[in-house]
Amino acid sequence: MNKKILIYVLVTIVLLGIIYLLFFRKTSNSIVPVPVGVTENQTPIKPIDIVNNKTLTTIPEGNIVSSKNYSISIVNFSFDQSTLNINKGDTVIWTNNDDAPHQISGNNLNSLVLNKGQTFSHTFTEIGTTDYHCSIHPFMTGTIIVK
Ligand SMILES: [Cu+2]
């Protein structure tokens with residue numbers, strides 16, 4: 001009699017264990033949709049990319065900013081382009097190709113002393129005319145016109 005009771009108890013425990021495992025697997029299955037929810041959260045990234053594309057298309061519409069580079073060579077104690085016309089946002093790069101040192105100075109323009117081969121660059125962010133000269137050789141003058 002006791003052995004039969006033990007067998008029933010063991011069978012019951014095993015059945016309960018199986019049922020528990022089934023429920024446990026169901027809960028683990030219910031966890032699986034959570035990563036699915038994560039991937040659903042990742043899909044809105046595409047609309048964000050679309051928004052970025054829209055932003056990229058609106059930037060040129062609202063505010064066109066040029067970003068060209070212009071080079072001015074300093075040769076024979078003069079600037080090879082004494083007057084240079086550029087657009088707002090463009091950068092001018094001066095290169096000293098003289099053996100003598102030169103230093104660019106003007107409104108908002110203050111380079112270090114440039115020895116041969118050294119450069120100085122400035123990005124013009126405002127419309128207007130900038131006159132500059134060499135602070136070592138004041139007869140060396142130039143003009144940048146920003147439109
Ligand atoms: Cu100079």
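From the N terminus on, the elements of the protein follow the order α-α-α-β-β-β-β-β-β-β-β-β, a total of three helices and nine strands. The model is a predicted one. Its mean pLDDT is 78, with 59% of the residues at 70 or more. Over residues 27-62 pLDDT remains under 50, and for this stretch the model has zero contacts beyond four places in sequence. Where pLDDT is low, the predicted coordinates should not be read in detail.

Four strands make up an open sheet with the order S2-S1-S4-S7 and mixed pairing. The edges are held by strand S2 (78-79) and strand S7 (119-123); each has a single partner strand, so one side of each is left without a neighbour in the sheet. The partner of S2 is strand S1 (residues 69-75), and the two pair in the antiparallel sense over two bridges. In this pairing, isoleucine 74 stands opposite phenylalanine 79 of S2.

Further pairing involves strand S9 (residues 141-146). Strand S3 (residues 83-86) runs parallel to S9, with four bridges between them; one of the residue pairs is threonine 83 with its bridge partner threonine 143 in S9. Strand S8 (residues 128-134) also pairs with S9, here in the antiparallel sense and over six bridges. Threonine 130 has isoleucine 144 in S9 as its bridge partner. S8 and S9 together form a hairpin, and six residues lie between the two strands.

Of the 147 residues in the protein, 13% are buried. The largest nonpolar core has 13 residues, and those that touch the most other members are Ile72, Phe79, Val92, Trp94, Ile104 and Phe120. Two or more residues of this core come from each of S1, strand S4 (91-96) and S8. Tryptophan 94 was examined individually: with residues up to four places away in sequence left out of the count, tryptophan 94 touches Ile72, Ile74, Ile104, Thr119 and Phe120. Among these, Ile72, Ile104 and Phe120 are also listed with Trp94 as the core residues that touch the most other members. Isoleucine 74, another contact of tryptophan 94, is the residue opposite phenylalanine 79 in S2.

Across the protein as a whole, contacts between residues at least 6 apart in sequence include 46% that join residues at least 24 apart.

Conventions. Residues are numbered from 1 along each chain as its sequence is written. This is a predicted model: local features need pLDDT of at least 70, side-chain atom pairs count only at pLDDT 80 or more; totals for chains, interfaces and linings use all residues. Two strands pair if DSSP finds at least two bridges between them. A residue is buried if 20 or more other C-beta atoms lie within 10 Å of its own, exposed if 12 or fewer, and partly exposed in between; C-beta atoms are placed from the backbone. Two residues are in contact if their C-beta atoms, placed from the backbone, lie within 7 Å. pLDDT is the predictor's confidence in each residue, from 0 to 100. A nonpolar core is a set of buried Ala, Val, Leu, Ile, Met, Phe, Trp, Tyr and Cys residues joined through C-beta atoms within 7 Å.
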